[in-house]
Every structure is written in C-alpha cells, then in structure tokens.
Protein chains: 2
Amino acid sequence: MKLAGYGEDRLVRELTRGLPAGDNVRAGIGDDCAVTGGKSDAQWRLLKTDCVIEGVHFTMRDGPRKIGRKALARPLSDIAAMGGLPECALVTIAAPPGMEVAWLRHFYAGLRRLAEQFNVAVVGGETARSPGPFFCSVALTGLVESKHCVTRSGGRGGDFLYVTGRLGGSLRGKHLSFTPRIAEARWLVQNFPLRAMMDLSDGLGADLPRLAHAGGTGFMVYEEKIPVTRGCTTRNALADGEDYELLFAISPREAKPLETAWKRRFPRLPLTRIGELCALNPSRPASSRGFDHFA
Amino acid sequence: MKLAGYGEDRLVRELTRGLPAGDNVRAGIGDDCAVTGGKSDAQWRLLKTDCVIEGVHFTMRDGPRKIGRKALARPLSDIAAMGGLPECALVTIAAPPGMEVAWLRHFYAGLRRLAEQFNVAVVGGETARSPGPFFCSVALTGLVESKHCVTRSGGRGGDFLYVTGRLGGSLRGKHLSFTPRIAEARWLVQNFPLRAMMDLSDGLGADLPRLAHAGGTGFMVYEEKIPVTRGCTTRNALADGEDYELLFAISPREAKPLETAWKRRFPRLPLTRIGELCALNPSRPASSRGFDHFA
C-alpha cells in the first residue's frame with residue numbers, strides 16, 4: 001500500500017499509535033503544538049516543527065526572502081493556535097550543492113526579519129546537503145500561561161464557531177505573506193474563555209472536522225456565511241488550504257461581547273461566526289475535504 | 001558562488017550573523033545544542049534539531065528500522081555532548097507519495113524503540129509530501145543542571161583532550177547502530193569538571209578544530225594515540241565522520257582520577273587521551289579536514 005491515497009490523518013494515527021509519552025505532556029500528537037509542563041504549573045511550554053519544501057510549499061520563482069519568511073511564519077501560526085507566545089527557533093536546511101549562496105542569504109534575511117518582528121531568538125539549526133529539492137524545517141518553542149492554553153479538544157455541542165480573516169485563494173500570494181495571528185490569539189485567550197482553537201492550514205474542509213473530532217462533537221457550517229477571499233468560491237475557502245487563520249469555538253453566551261470587543265480591537269480584520277458544534281449527527285461541508293498531503 | 005566548495009563552517013557563520021538572540025539564551029548557534037534559561041536557574045533547557053536524508057545519511061538498502069533509529073540517535077548524541085538528559089521529540093518527515101506505508105511503519109518502530117530506551121516522549125511532528133528523497137528531521141528537547149552544562153567553548157591551553165570509543169569506518173555499520181553517549185556524558189559531568197565537550201559527527205579532523213576555535217585555543221594531537229576502529233587507518237579516524245563519540249577537554253590534574261574511575265565504570269568502552277589544547281601555534285592534524293557537507 002502506497003502513501004498516495006492512504007489518507008494523511010489515518011497515516012498519522014497509525015504511525016504514532018503507542019509512541020511513548022511522558023507525565024509532563026499536556027497535549028501531544030494531533031494538536032497544533034505539543035504542550036509540556038506540570039499540571040499545576042503557571043506556565044507551559046509549546047513545541048512545534050513545520051517544514052517548507054521546494055515544489056510543495058513554494059517554487060523557486062517565489063523568491064528566497066518570502067520563502068524564508070514562510071518557513072518561520074508557519075510554526076508561528078501554530079503557536080498562535082494554542083494562545084502562546086513564541087520564544088526560540090532552530091532552522092534545519094537541506095540544500096542542493098548547486099544552490100547559490102546568495103539565495104540562501106536572502107532566505108535567511110526573510111526569516112530573520114519575521115523573527116525580529118515576533119521577538120523570536122534564532123538559536124541554532126543544522127545545514128545539510130540535499131540530493132533533491134531545497135528543504136527547510138523550523139522548530140519553534142513558545143510559552144503560554146496554563147490558564148490560557150487552548151487545545152483542539154475542548155469544544156462542546158452548542159459552541160459557536162468563528163474564523164478570523166478570509167478564506168481561500170491563498171496560493172495567489174497570501175501563503176507567502178500571511179501574518180501569523182499571534183496578537184489576535186493572545187488577545188482572545190486573555191479576554192475570552194475559548195473552548196477550542198486551531199489554525200487553518202489544510203483548509204476549513206479538512207481542519208474543522210479535526211477540531212470537532214478532537215472534542216468528540218459534530219458540527220454545522222453556515223456555508224453562505226463563510227468569509228471568502230475576493231474572487232474565490234466557497235469551494236476555494238473550504239479546500240485550498242494555507243489560510244493560516246484562526247478557527248475557534250466559544251460558548252454562545254460570549255458571542256455578543258466577543259463580536260463587539262473584536263470590532264473595537266481589530267477593526268480591519270473580519271471575525272465571522274461560520275457555524276456551531278453539535279452533540280450529534282455531525283455533517284460535513286458538502287463540497288470538499290480540504291488538502292491531503294499525499295493525495 | 002555555489003554552496004559546493006564554499007565551506008560549511010564559513011557558510012553557517014555568514015548565514016547566522018546578526019540573527020536575533022534573546023536574554024535567556026546561554027548558548028546558541030555553533031554549539032551542539034541551544035541552551036536556554038536564566039543565568040541563575042538551577043536547570044537549563046537544551047534544544048536540538050538533526051536530520052537524516054535519503055542518499056546522504058542512509059540509503060534505502062539500510063532498512064527502515066535502522067534509519068528511524070538513527071534519526072533519533074543523532075540529536076540524542078548532541079544532548080549527550082552538553083551533559084544533558086533528553087526529554088521530548090518531534091518528528092518531521094517528508095516522504096515521496098510512492099513510498100510504502102509499511103516502510104514508514106518500520107521506520108517509526110525503530111525510532112520508537114530508541115525513544116523508549118532513552119525515556120524520550122514523542123510528542124508531535126509533521127508529515128509532508130516530498131517530491132524528492134525521503135527526509136526526516138527530529139527536534140529534541142532536554143534538560144541539564146546549569147552547573148553540569150558543558151559547551152564547546154570552555155577549553156584552555158594545557159587541557160588534556162579525550163575521546164570515547166574508537167574512530168573511523170562508521171559507514172560500515174556503526175553510523176546506523178551507535179549508542180548515543182548519554183550515560184557516559186552524564187557520569188562525566190556529575191563526577192568531573194569538564195571544560196569543553198562535543199560529539200564527533202563530522203570526524204575528529206573537522207570537529208576538533210571547532211572545539212579549539214570555540215575556546216580560542218590551538219591544539220596538538222598525538223596521532224599514534226588516536227583509537228582507530230579495527231581495520232581502519234588514522235585517516236579514516238580523522239575524516240570519515242559519523243563516529244558519535246564524545247570529545248572533551250579537562251584539566252591535566254583530573255587525568256589520573258578520571259582514567260581510573262572510567263575504567264571501573266565503563267570497562268568495555270575505551271577512553272583515550274589523544275592530545276591537548278595549547279595557547280598558541282595551533283597545528284592541524286596533517287592528513288585530513290573531516291567531512292564538509294557541501295564538498
């Protein structure tokens with residue numbers, strides 16, 4: 001049986017079954033970040049790795065600065081999804097021997113600029129030769145107050161579902177220029193009791209079922225309410241992926257104060273109620289399943 | 001200018017110049033692991049990423065279990081080099097869509113077994129498609145008592161240099177089956193005031209100059225004393241790389257008690273004094289420079 005067609009979620013579930021976990025692991029495989037720390041600690045540590053691969057996450061036409069930026073922006077989006085603040089990054093690259101040194105310099109310049117913007121210390125990494133495409137994996141640590149840490153699994157039937165920004169069409173440019181929602185997520189967790197949160201990397205059609213499944217609920221989506229990027233269809237919003245927006249669940253009684261306070265704090269970024277979690281009869285968005293890495 | 005022929009150390013120095021570091025970074029780029037924590041903290045955190053790439057660090061003939069084992073063993077060796085204990089791992093893989101799912105299962109089985117042996121919690125990772133070779137990067141966290149943490153940079157002129165085990169010929173099998181020297185390094189840092197330590201991944205000929213350079217010293221090697229793997233030459237011991245043994249510097253007055261105690265504690269693993277650090281006139285091993293990843 002080959003990877004293609006096997007199903008990414010099924011594959012990850014199978015491969016990671018029975019892997020050793022520790023007493024200090026608060027959340028592990030299946031969430032946006034790993035969370036470690038003692039149950040009664042005031043702060044927990046976040047840990048995430050994410051990669052960009054030539055021909056998968058970018059092409060050489062995209063320009064090295066933007067690609068370096070994206071390599072760090074992706075794991076930053078996962079730190080945001082837990083309500084955390086980033087801390088240290090390690091950068092592993094595998095580069096073909098024929099690559100220009102200047103290209104790599106620009107790659108690091110793009111990465112460095114985003115690191116400065118989000119106060120990330122770049123503390124190490126590794127450099128190896130690639131016999132194939134350029135590959136970069138960034139490991140990122142972060143911190144979150146234990147009372148503010150939000151996983152994927154806390155949603156309950158009846159919770160309202162919200163997304164930030166607009167979805168779809170990311171490949172036309174946003175996948176290289178998106179802003180990780182660190183500031184928005186920090187404000188959310190400090191001001192509202194979120195039940196569950198994740199970042200949208202594979203598209204709402206793939207990611208929302210994961211959030212619902214993690215909490216043992218079903219979900220309903222108001223398809224006509226999905227905030228679609230200008231020029232895109234609902235199908236794009238569900239299936240394109242790489243939106244790097246936040247998806248979260250919150251109790252209905254917080255809806256009104258949340259929407260009012262959000263508009264004051266982030267007047268230029270839409271926050272849209274797109275559906276709700278439900279206890280039974282989960283229904284899927286009809287049109288799409290989102291991005292499967294091996295399909 | 002292409003990467004090939006540019007020189008790995010020079011490349012890393014250039015790329016990482018000016019990257020933002022933080023107040024809490026005790027050691028960063030250029031050491032085996034990044035070390036974070038407050039100056040007066042009793043414990044510091046270690047962070048390392050390391051990768052294995054098809055066609056560079058292994059071939060498909062090597063067998064998936066051994067390759068999975070190696071993917072984790074490499075960063076474990078770096079945690080050992082700081083005197084630390086490993087904690088959590090994240091596993092990032094990029095796999096070609098045509099790869100057999102069974103191969104990946106065996107890869108994880110090999111990795112899992114070593115994780116259990118060294119009490120490592122596998123807490124997350126990422127799965128992506130590779131349009132080229134199979135690629136795996138493991139991010140590993142660890143802990144070390146601040147009083148026991150050993151970097152590369154503490155060596156002084158006159159210090160004696162020791163290596164564990166035997167060097168050279170790793171490609172005949174040891175590069176897949178080596179035991180990360182966690183137990184040995186822990187015993188060393190708990191019982192002797194080491195000045196500097198690193199693990200030998202690129203060969204003594206490349207790595208020893210790095211240790212000396214980090215501490216601002218020169219070095220002398222007693223070439224005839226280098227413990228060479230049976231069937232190998234001194235050149236192999238200097239240049240093959242992937243030994244994953246410990247190289248450390250210690251004050252001459254500790255030599256006698258160290259050698260006596262080591263023999264009692266690790267009777268089956270050689271510990272060899274191979275040279276010394278010197279204040280001036282650094283000399284290089286004549287025959288080789290060790291492994292350059294882009295040469």
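**Helices, sheets and contacts**

Modeller: Helix α2 of chain B covers residues 64-81, and its 18 residues reach 26 Å from first C-alpha to last; that is close to the 26 Å expected at 1.5 Å a residue, the expected span being 1.5 Å times one less than the number of residues. Helices (H or I, at least four residues) and strands (E, at least two) are DSSP runs numbered from the N terminus. The model is a predicted one, in which local features need pLDDT of at least 70 and side-chain atom pairs count only at pLDDT 80 or more, while totals for chains, interfaces and linings use all residues. Residues are numbered from 1 along each chain as its sequence is written, and chains are lettered from A and ligands numbered from 1 in the order in which they are written.

Biologist: How many residues of α2(B) are buried?

Modeller: A residue is buried if 20 or more other C-beta atoms lie within 10 Å of its own, exposed if 12 or fewer, and partly exposed in between, with C-beta atoms placed from the backbone. The helix α2(B) is largely enclosed by the rest of the structure, because the buried residues number 16 of the 18.

Biologist: Which strands of chain B does α2(B) lie across, and at about what angle does it run to β8(B)?

Modeller: Axes are lines fitted to C-alpha atoms, for helices over the stretch in contact, and angles run from 0 to 180 degrees between N-to-C directions. Contact requires that the C-beta atoms of two residues, placed from the backbone, lie within 7 Å. The helix α2(B) lies across β8 and β10 of chain B, and its angle to β8(B) is about 175°.

Biologist: In the open sheet of 5 strands in chain B, what is the strand order?

Modeller: Two strands pair if DSSP finds at least two bridges between them. The pairing in this open sheet is antiparallel, and the order is β8-β10-β7-β11-β9. Both β8 (196-199) and β9 (218-221) of chain B have a single partner strand, so one side of each is left without a neighbour, and the strands at the edges are β8 and β9.

Biologist: Which residue is the bridge partner of Tyr162(B) in β10(B)?

Modeller: Strands β7 (residues 160-164) and β10 (residues 246-250) of chain B run antiparallel and are joined by 4 bridges. In β10(B), the partner of Tyr162(B) is Phe248(B).

Biologist: Is Val35(B) buried or exposed?

Modeller: Val35(B) belongs to strand β2 of chain B. Among the residues it touches, leaving out those up to four places away in sequence, are Trp44(B), Leu46(B) and Met82(B). Since Val35(B) has 24 C-beta neighbours inside 10 Å, it counts as buried.

Biologist: Which element gives the largest share of the side of chain B that touches chain A?

Modeller: In this interface, 62 residues of chain B are in contact with 62 residues of chain A. Elements giving two or more residues to the chain B side include α1 (8-16), α3 (101-117) and β5 (121-129). The largest share, 9 residues, comes from β5(B).

Biologist: Within chain A, which element gives the most to the side of domain 1 that touches domain 2?

Modeller: Chain A is divided into domain 1 (8-147) and domain 2 (150-278), with bounds from an automatic or database domain assignment. The domain centres, taken over C-alpha atoms, are separated by 22 Å. The contact takes 19 residues from domain 1 of chain A and 18 residues from domain 2 of chain A. On the domain 1 side, the most, 9 residues, is given by α2(A).
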